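Here is a friendly walk through one protein model, with the cut-offs spelled out along the way. Have the viewer ready and follow the headings.

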Amino acid sequence: MTSRAARLLQLLEALGGRRRPVAGARLAEDLGVSLRTLYRDIATLRTQGADILGDPGVGYLLRPGYLLPPLNFSEDELEALALGARWVTRQPDQALAQAAERAMARIGATLPAATRLSIETSGLLVPKLRETPPDAPWLPVLRHGIRLEHVLRMDYADGAGQPTQRLIWPFAMAFIEGLGMLAAWCELRRDFRHFRADRVLSLVDTGERYPSRRHVLIKRWRAATGYGSDS
């Protein structure tokens, strides 16, 4: 870990767990740095997403719930993260692609220049798909629905191209060689169903939480279908 990265981590640790603001001068003294360096480090952490309240002369407080940034990843771990982020940018979910780019930018900002250049030019590339996946503006709705365990109203085209409307309880989404598959409990069929992403016409979040927890649905789905298991 570089001295700068170590210092940022120490600053987060110094702020963590405090219920009251701590003066900048006190933090600078504890870390053995100047006030100017401390202010610069706080500004850096804020750009990385740390919710640090306060100003010079007032004191600083780190709001709870913030996860430490990846300041001590190995180069192998960083290459794996970069490769995964590049794969996400090839998917039709533009919001998720942009989130991956922002995440890698945050990680890169904490790295020394030589390490950042090494990761950016690692040579580990994700090729373009043979066929460009169709635009799927509903994917953020799906992701949020899975995350919040919400019932979604879906307009879907069946195998004959006929539109149908269903209420589903989504719990998983898979990307297989550019073809997305959505796994959900279908209220219409009263059973688990797999829906092709290229046949989804629209998704609307009803705002209602479905009665089962997501992990329970996944367990039942695995038992019923054998999908998603390690065997």
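## Arg26 and its partner

Arg26 is partly exposed, with a relative accessible area of 46%; the classes used here are buried for under 20% relative accessible area, exposed for over 50% and partly exposed in between, with a 1.4 Å probe and protein chains only. Its partner is Asp30, and the two form a salt bridge whose closest N and O atoms are 3.2 Å apart. A salt bridge here is a side-chain nitrogen of Lys or Arg within 4 Å of a carboxyl oxygen of Asp or Glu. Asp30 is partly exposed too, with a relative accessible area of 46%.

Both Arg26 and Asp30 sit in helix H2 (residues 24-31), four residues apart, which is about one turn of the helix. Helices (H or I, at least four residues) and strands (E, at least two) are DSSP runs, numbered from the N terminus.

## What kind of model this is

This is a predicted model, in which local features need pLDDT of at least 70 and side-chain atom pairs count only at pLDDT 80 or more, while totals for chains, interfaces and linings use all residues. Residues are numbered from 1 along each chain as its sequence is written, and side-chain values use heavy atoms, with hydrogens and water left out.

The protein has eight helices and seven strands. Of its 231 residues, 34% count as buried. Among contacts between residues at least 6 apart in sequence, 58% join residues at least 24 apart, where contact means heavy atoms within 4.5 Å.

## A salt-bridge network around Glu149

By the rule above, the count comes to nine salt bridges. Which residues are linked in a network? Glu149, Arg209, Arg213 and Arg214 are joined in this way by salt bridges.

Start with Arg209 and Glu149, whose closest N and O atoms are 2.7 Å apart in their salt bridge. Arg209 belongs to strand E7 (residues 200-209) and Glu149 to the loop between helix H7 (139-148) and strand E3 (150-157), so this pair ties together parts that are 60 residues apart in sequence. Is Glu149 buried or exposed? Glu149 is buried, with a relative accessible area of 3%, whereas Arg209 is partly exposed at 48%.

Glu149 also forms a salt bridge with Arg214, with the closest N and O atoms 3.9 Å apart. Arg214 lies in helix H8 (residues 214-225) and Glu149 in the loop between H7 and E3, so the pair ties together parts that are 65 residues apart in sequence. Arg214 is partly exposed, with a relative accessible area of 27%.

## Helix H4 and its two neighbours

Now turn to how H4 packs. The axes of H4 (residues 75-89) and helix H5 (residues 94-109) come within 8 Å and cross at roughly 155°. Axes are lines fitted to C-alpha atoms, for helices over the stretch in contact, and angles run from 0 to 180 degrees between N-to-C directions. H4 and H5 are therefore roughly antiparallel; angles under 35 degrees count as roughly parallel, over 145 as roughly antiparallel, 65 to 115 as roughly perpendicular and the rest as oblique. On the H4 side, Leu78, Leu81, Ala82, Ala85, Val88 and Thr89 meet Leu96, Ala97, Ala100, Glu101, Met104 and Ile107 of H5. These residues divide into 10 nonpolar, one polar and one charged; Ala, Val, Leu, Ile, Met, Phe, Trp, Tyr, Cys and Pro count as nonpolar, Asp, Glu, Lys and Arg as charged, and the others, Gly among them, as polar.

The axes of H4 and helix H6 (residues 113-120) come within 9 Å and cross at roughly 45°. That makes H4 oblique to H6. Glu75, Leu78, Glu79, Ala82 and Arg86 of H4 make the contact with Thr115, Ser118, Ile119 and Glu120 of H6. By class, this contact has three nonpolar, two polar and four charged residues.

## Two buried residues

Ala184 is found in strand E5 (residues 179-186) and counts as buried at 0% relative accessibility. Ala184 and Pro170 are 14 residues apart in sequence and 4.2 Å apart in space, C-alpha to C-alpha. Leaving aside neighbours within four places in sequence, Ala184 is in contact with residues including Trp169, Pro170, Phe192 and Phe195.

Arg7, in helix H1 (residues 3-15), also counts as buried, at 18% relative accessibility. Not counting residues up to four places away in sequence, Arg7 touches Val33, Thr37 and Asp41.
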